[in-house]
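This report describes a ligand site and a helix pair. The sequence and the structure are shown first.

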Amino acid sequence: MRDSIVGKLIQAETKRQKETLDLIPSENIVSKEVLQALGSVFTNKYAEGYPAARYYGGNEYADKLESLCQERALKLFRLSPKKWSVNVQPYSGSPANLAVYLALACPPKSEDGKVPTPKIMGMQLDMGGHLTHGHSVSATGKFWTAVRYGVGKETELLDYNAIRRMAKKEKPKIIIAGFTAYPRLIDFKKFRSIADEVDAYLLVDMSHFAGLVAGSAYPSPFPYADIVTTTTHKSLRGPRGAMIFANRESKIAAKNKIDIAKAIDRAVFPGLQGGPHLNQIAALAVSLKEATEPSFKKYAHQIVKNARTLAVELKKLGWRVISGGTDTHLLLVDVAERGIGGKDASILLEKSGIISNYNTIPYDHRPPMNPSGIRLGTPALTTRGMKENEMKKIVTLINAVLVEKKNVSKEVHALCAKF
Ligand SMILES: *Cc1c(COP(=O)(O)O)cnc(C)c1O
């Protein structure tokens, strides 16, 4: 690369990724083919609109590419194009969720601010929800009235009775399920029945666990949801980006007399975005094909086995794991209980090359800047080929850092060199 400054940064980042253990649950490592497609000449092209309905010339191959990507997305999740549409243009997960709210709960124009804005209902950020599920600092919490549920204090699990009570009282237009720090299965059927009781749309944001759904290692939300959004760069192992699936047979959409697929497409473009990032769509198409291969199914199951091993081994060494374990790719560890802040723990671990992130735990009594927990996940390490034995080793390393205050860089290096 002629730009040696950026070139050196890329080299340094490559080295960092090789020589550290990435336990951030929302990160992964894409294939060379995905990188190639991302760096392809499709980045040069404008294609505002949708296949066969563009506002620019020269889109013969762009049309083929986007249609192929849509076909692969539906095929991966075993969906019929008659029943489901998919939009592959969202730049990332946050604009994808914004597009859904815009499509299905568009705020009314109001000169005097007296018309109440439509209500959305999602999980609180500090219990495991996402900013874009209505947090006050997010546009989704400013343009919409947001009500937010949590988990039970004792169980640290979703309390469906409490969620039902809140839905009945608040009558939201959209109920959101799908989280960033919830380690357990979600009962999509129960969410469906709650949404039906109050005539709300059910949006499942499967950003974190989409790869597990693709590999049949986590229940599919598709039999129950009106809309499914997902990022493409987490457990799904594609480029950064997002997709929105819309259920053409949504009963609530029929009741509201809206064409749900069309509403989503119009909200993405021209509602929110301009031209799609075709290079990103090319890379997504490549990764979707990779995810339909039998090896991906094995990968998805290994992710969960690895996360379970982390949880079991940490518990053996006396660490409290939120909700007692995990059914997914991630877990939350209460480090404050052992006298160390989440941020402090994360910084100590990084000094030895173990990369995690600090996170609030349910009903956290500490501030979000140095909360009680760390969040650990296994998609990236599983991509490198690590299995249960390596997870056991990693737990002993984490324990050595946090309890014995040891620096284990050497051991981390040696482990990374093997994978
Ligand atoms: C990551 C994530 C998002 C946002 O995705 P970005 O690509 O970071 O904008 C939205 N919802 C959930 C549940 C997520 O985990």
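**Ligand shell**

The ligand is surrounded by 13 residues, the closest being Ser 92, Ser 94, Asp 205, His 208 and Lys 234; a residue is near a molecule if one of its heavy atoms lies within 4 Å of it. By class, this shell holds no nonpolar, 11 polar and 2 charged residues. Here Ala, Val, Leu, Ile, Met, Phe, Trp, Tyr, Cys and Pro count as nonpolar, Asp, Glu, Lys and Arg as charged, and the others, Gly among them, as polar. Helix H4 (residues 93-104) contributes the most to the shell, with 3 residues; helices are DSSP runs (H or I, at least four residues) numbered from the N terminus.

The model is predicted: local features need pLDDT of at least 70 and side-chain atom pairs pLDDT 80 or more, whereas totals for chains, interfaces and linings use all residues. Residues are numbered from 1 along each chain as its sequence is written, and side-chain values use heavy atoms, with hydrogens and water left out.

**Polar contacts and burial**

Polar contacts are pairs of N or O atoms within 3.5 Å. Oxygen atoms of the ligand lie 2.4 Å from a polar side-chain atom of Ser 92, 3.0 Å from a backbone N or O atom of Gly 93 and 2.7 Å from a polar side-chain atom of Lys 234. Taken alone, the ligand exposes 380 Å², of which the protein buries 86% (Shrake-Rupley method, 1.4 Å probe).

**Helix packing**

The axes of helix H6 (residues 160-170) and helix H7 (residues 188-197) come within 9 Å and cross at roughly 20°; axes are lines fitted to C-alpha atoms, over the stretch in contact, and angles run from 0 to 180 degrees between N-to-C directions. H6 and H7 are therefore roughly parallel to each other (angles under 35 degrees).

Definitions and conventions: A polar contact is a pair of N or O atoms within 3.5 Å; within protein, one must be able to donate a hydrogen and the other to accept it, and residues adjacent in sequence count only if both atoms are side-chain atoms. Helices (H or I, at least four residues) and strands (E, at least two) are DSSP runs, numbered from the N terminus. Angles under 35 degrees count as roughly parallel, over 145 as roughly antiparallel, 65 to 115 as roughly perpendicular and the rest as oblique.
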